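Have the structure open as you read.

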Amino acid sequence: MVLTNFDSKCCITGINVAELLVASHILPWSKSKDNQLNPKNGLALNALHDKAFDRGLITVTEDYRIKISPILLKQKAIESIKRNFIDFDGNELITPKKFSPDIEFLKIHNQECFKS
């Protein structure tokens, strides 16, 4: 449902290769059993950005913009970090079809997971 909600595209990069996409949880399953299947607890991400989101290296702000951790921003001299992360800093998410990510879930991710 999450992938369909984002038209089977990474909501950060627009990558649409199904084999590279995952339905990423904003609040981890282990911390929010009541929201495991809630489509508002999901983002369609490619595998690289999913891992970075899970590790708190990127997040999504309450106004649905991508925010990159200072940990990655310090690596701007590395071209692949710049292209894959820094260039997306401040961009808006690709708009979902029906279910927008829950703002409260994003707040929790920003406060508890994001490495600022």
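Is Glu79 buried, partly exposed or exposed? In this predicted model, Glu79 counts as partly exposed, at 44% relative accessibility. Its salt-bridge partner is Arg83, with the closest N and O atoms 3.7 Å apart. Arg83 is partly exposed too, with a relative accessible area of 47%. Both residues sit in helix α4, and because they are four residues apart there, about one helical turn separates them.

Next, find Asp87, which forms a salt bridge with Lys82; here the closest N and O atoms are 2.9 Å apart. Asp87 has a relative accessible area of 38%, which makes it partly exposed, and Lys82 is partly exposed at 33%. The count for the structure comes to seven salt bridges.

Another of these pairs is Lys97 with Asp7, whose closest N and O atoms lie 3.6 Å apart. This pair links distant parts of the chain, 90 residues apart: Lys97 is in the loop between α4 (79–84) and α5 (103–112), while Asp7 is in the loop between α1 (2–5) and β1 (21–25). Lys97 is exposed at 57% relative accessibility, whereas Asp7 is partly exposed at 41%.

Now for the cysteines. The structure holds zero disulfides. The closest cysteine sulfur to that of Cys11 belongs to Cys10, and at 5.5 Å it is too far for a bond. Cys11 itself is buried, with a relative accessible area of 0%. For Cys113, the closest cysteine sulfur is in Cys11, 16 Å away, so that pair is also too far for a bond.

Notes. Residues are numbered from 1 along each chain as its sequence is written. This is a predicted model: local features need pLDDT of at least 70, side-chain atom pairs count only at pLDDT 80 or more; totals for chains, interfaces and linings use all residues. Side-chain values use heavy atoms; hydrogens and water are left out. A disulfide is a pair of cysteine sulfur atoms within 2.5 Å. Buried means under 20% relative accessible area, exposed over 50%, partly exposed in between (1.4 Å probe, protein chains only). A salt bridge is a side-chain nitrogen of Lys or Arg within 4 Å of a carboxyl oxygen of Asp or Glu. Helices (H or I, at least four residues) and strands (E, at least two) are DSSP runs, numbered from the N terminus.
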